[in-house]
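I opened this notebook to record what I looked up about the pockets and the ligand. My entries follow the order in which I checked them.

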Amino acid sequence: MSSSFYESDDAVAQYLLFHYGTPEQICPLLPEARAACGFPARCVSESIKHLDLRQRNRALDLGCAVGRGSFELARYFDDVLGLDFSARFVDEAERMRRDRGATVRVPREGASFDEMKLALPEDVRGENIRFTRGDACDLSADLGTFDLVVMANLIDRLPDPAKCLARLPGLVHPGGWLVITSPYTWLEEYTPRDKWLEQGAGTLAGLRKHLAPGFTGHKVFDLPFLIREHRRKFQWSIAEVSLWQRR
Ligand SMILES: C[S@@+](CC[C@H](N)C(=O)[O-])C[C@H]1O[C@@H](n2cnc3c(N)ncnc32)[C@H](O)[C@@H]1O
């Protein structure tokens, strides 16, 4: 798997289901395995309840993929920007904003597929969201500042995570918040080994070191998530969620 994975048909179908599928669509066979479904929505709701948000003007969903986290942020913020490197993902996010639904074919077993109709929840809005293509390691200077930046499961997919972290103090205005989630699945196909933030002490320590000049660590907790490969096979991962306040 490499960054071109996120431009593939397989990734588009997998991520549309991951973001917009109901627990029954994602995991039809075993109800007790469904608690880890709905990660993009839980990521926003479980994080935001711990944040003392003084303003709710602008939020940035960095590495937004097909966009569900951005729609969830739009419940709380006047203006949301979803940014991702994958042109396919940004197109799908925008299509979801326009059509409020999509049909996907996802692997069932062998050469068989399940066709599923996915829908945005009726109570989320889209008119206050903009999706755009961009590189989290080379963000344009004119993005402005945000009350909240969310980086969900992005850090271990970047070629230069430290470069992205160094840009964050300029993106979050004083008193604003940063949410980073990741299962810390470091892979050399995405990140050269000498750029991994883990470096023996653990990724959280690496994050703390790089963020210390601009942010105060607030809270850390675990959030599991389930990505379907086929009807009987899933990636079950535990993201660590860390909340940081801009000084
Ligand atoms: C593991 S997915 C997580 C997506 C989403 N935040 C979620 O929680 O489902 C990683 C995402 O990061 C995006 N990505 C990878 N490299 C990037 C970069 N340099 N800049 C912005 N996005 C990037 C990928 O296209 C993909 O959408």
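Entry 1. I looked up the lining of the second largest pocket in this predicted model, and its residues divide into eight nonpolar, two polar and five charged. The pocket holds about 230 Å³ of space. Of its 15 lining residues, I noted Asp10, Gln14, Pro107, Arg228 and Glu229 as the closest to its centre. Helix H1 gives the most to this lining, with six residues; strand S3 (101-109) and S8 also give two or more.

Entry 2. I turned to the largest pocket, where about 860 Å³ of space lies. It is lined by 43 residues, and the closest to its centre are Tyr6, Tyr15, Asn153, Leu154 and Arg157. By class I recorded 25 nonpolar, twelve polar and six charged residues. Among the elements that each supply at least two lining residues are H1, helix H3 (39-48) and strand S2 (79-84).

Entry 3. An oxygen atom of the ligand lies 2.8 Å from a polar side-chain atom of His19. For Asp84, a polar side-chain atom is 2.6 Å from a ligand oxygen atom. A polar backbone atom of Phe85 lies 3.2 Å from a nitrogen atom of the ligand. Taken alone, the ligand exposes 590 Å², and the protein buries 94% of that.

Key:
Residues are numbered from 1 along each chain as its sequence is written. This is a predicted model: local features need pLDDT of at least 70, side-chain atom pairs count only at pLDDT 80 or more; totals for chains, interfaces and linings use all residues. Side-chain values use heavy atoms; hydrogens and water are left out. A polar contact is a pair of N or O atoms within 3.5 Å; within protein, one must be able to donate a hydrogen and the other to accept it, and residues adjacent in sequence count only if both atoms are side-chain atoms. Accessible areas come from the Shrake-Rupley method with a 1.4 Å probe; for residues, only the protein chains shown count as cover. On a 1 Å grid over the protein atoms alone, a cavity is a set of points where a 1.4 Å probe fits but cannot get out, and a pocket is an open set with protein on both sides within 12 Å along at least five of seven lines; lining residues have an atom within 4 Å of a point. Grid points are joined across faces, edges and corners, and a volume is the space filled by probe spheres set on the points. Helices (H or I, at least four residues) and strands (E, at least two) are DSSP runs, numbered from the N terminus. Ala, Val, Leu, Ile, Met, Phe, Trp, Tyr, Cys and Pro count as nonpolar, Asp, Glu, Lys and Arg as charged, and the others, Gly among them, as polar.
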